[in-house]
Amino acid sequence: LFTYGGDWAYAMAAQTLTSGVVGGNQYAVSAYFKRTADIGTATANFKVEWLNSGGTTIGTSVSTATFNNTYGANSWNLISDNLTAASGAVGAKYEIIYNKAAGVAVGDIFIDDTNLDVVPEPASMILLGSGLLGLFGISRKKRS
């Protein structure tokens, strides 16, 4: 669980993947946010820096999904978005970036359960489904 407020202004590192990222694939970013007070014009977005095999940033994606004051106070809200990895990416640095508003204090925003996952491709889902149907057919044929 992360608590942010007070003098925060830019980024909180949530997760770094040093391998397993494939350039051009889509990745889902998500986290639960809660505000305990009026946060005015403060906002939080997801930012992913796509890394090459040497760990150098080769591209950056920022989500359009934003946590802001429009979400009800004292309740957890799941915010998520899909971002596409830069061509040649093999790793990623996942952050939550902030635009601070005057008067926001420590404990005004809470973040929990941050996540960066690959979005399954439709072809993979079709392959999985056809495999399951094949297994069902074989088991049904054995019963006959």
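Asp 113 sits in strand β8 (residues 109–118). Strands here are DSSP runs of E with at least two residues, helices are runs of H or I with at least four, and both are numbered from the N terminus. Asp 113 has a positive phi of about 55°, although it is not a glycine. This is a predicted model, in which local features need pLDDT of at least 70, side-chain atom pairs count only at pLDDT 80 or more, and totals for chains, interfaces and linings use all residues. Residues are numbered from 1 along each chain as its sequence is written, and side-chain values use heavy atoms, with hydrogens and water left out.

**Backbone angles**

- Most residues other than glycine have a negative phi, and most peptide bonds are trans.
- Asn 74 has a positive phi of about 65° and is not a glycine.
- Asn 74 lies in the loop between β5 (57–67) and β6.
- Is Asn 74 buried or exposed? Its relative accessible area is 54%, so Asn 74 is exposed.
- The cut-offs are these: buried means under 20% relative accessible area, exposed means over 50%, and partly exposed is in between (1.4 Å probe, protein chains only).

- Strand β4 covers residues 43–51. It is mostly covered, with 9 of its 9 residues buried.
- In a regular strand the side chains alternate between the two faces of the sheet.
- From β4, Thr 43, Asn 45, Lys 47, Glu 49 and Leu 51 point one way. Ala 44, Phe 46, Val 48 and Trp 50 point the other way.
- Which strand pairs with β4 over 9 bridges? Strand β7 (residues 91–99) does, in the antiparallel sense. Two strands pair if DSSP finds at least two bridges between them.
- Across this pairing, Ala 44 stands opposite Tyr 98 in β7. Phe 46 stands opposite Ile 96 in β7.
- β7 is also mostly covered: 7 of its 9 residues are buried.
- β4 pairs with β5 too, in the antiparallel sense, over 7 bridges. Here Leu 51 stands opposite Thr 57 in β5.
- The hairpin of β4 and β5 has 5 residues between the strands. In this hairpin, Gly 55 takes a positive phi near 85°.

**Salt bridges**

- Side chains of opposite charge can pair when their charged atoms come close.
- A salt bridge is a side-chain nitrogen of Lys or Arg within 4 Å of a carboxyl oxygen of Asp or Glu.
- How many salt bridges does the structure hold? It holds 3.
- Glu 49 bridges to Lys 47, with the closest N and O atoms 3.3 Å apart. Glu 49 counts as buried at 16% relative accessibility, and Lys 47 counts as buried at 9%.
- Lys 47 also bridges to Glu 95, with the closest N and O atoms 3.8 Å apart. This pair links distant parts of the chain: Lys 47 is in strand β4 and Glu 95 is in strand β7, 48 residues apart.
- Glu 95 forms a salt bridge with Lys 93, and the closest N and O atoms are 3.5 Å apart. Glu 95 is buried, with a relative accessible area of 7%, whereas Lys 93 is partly exposed at 29%.
- Shared partners join Lys 47, Glu 49, Lys 93 and Glu 95 into one network of salt bridges.

**Aromatic rings**

- The whole structure contains 5 aromatic pairs. Rings of Phe, Tyr and Trp (its six-membered ring) pair if their centres lie within 6.5 Å; planes under 30 degrees apart count as stacked, over 60 as edge-to-face and the rest as tilted.
- Why is the pair of Phe 67 and Tyr 71 stacked? The ring centres are 5.4 Å apart and the planes are at 20°, so the pair is stacked.
- Phe 67 counts as buried at 1% relative accessibility, whereas Tyr 71 counts as partly exposed at 27%.
- Ring pairs link Phe 33, Phe 46, Phe 67, Tyr 71 and Tyr 94 into a cluster.
- Lys 34 lies over the face of Phe 110, at 5.3 Å from the ring centre. For this, NZ of Lys or CZ of Arg must be within 6 Å of the ring centre and within 35 degrees of the ring normal.

**Surface patch**

- Tyr 32, Trp 76 and Leu 78 make a nonpolar surface patch of about 290 Å².
- Patches are made of residues with over 30% relative accessible area and no salt bridge; like charges are joined within 9 Å, and nonpolar side chains (Val, Leu, Ile, Met, Phe, Trp, Tyr) within 5 Å.
- Accessible areas come from the Shrake-Rupley method with a 1.4 Å probe; for residues, only the protein chains shown count as cover.
- Leu 78 is in strand β6 (residues 77–84). Leu 78 counts as partly exposed, at 48% relative accessibility.
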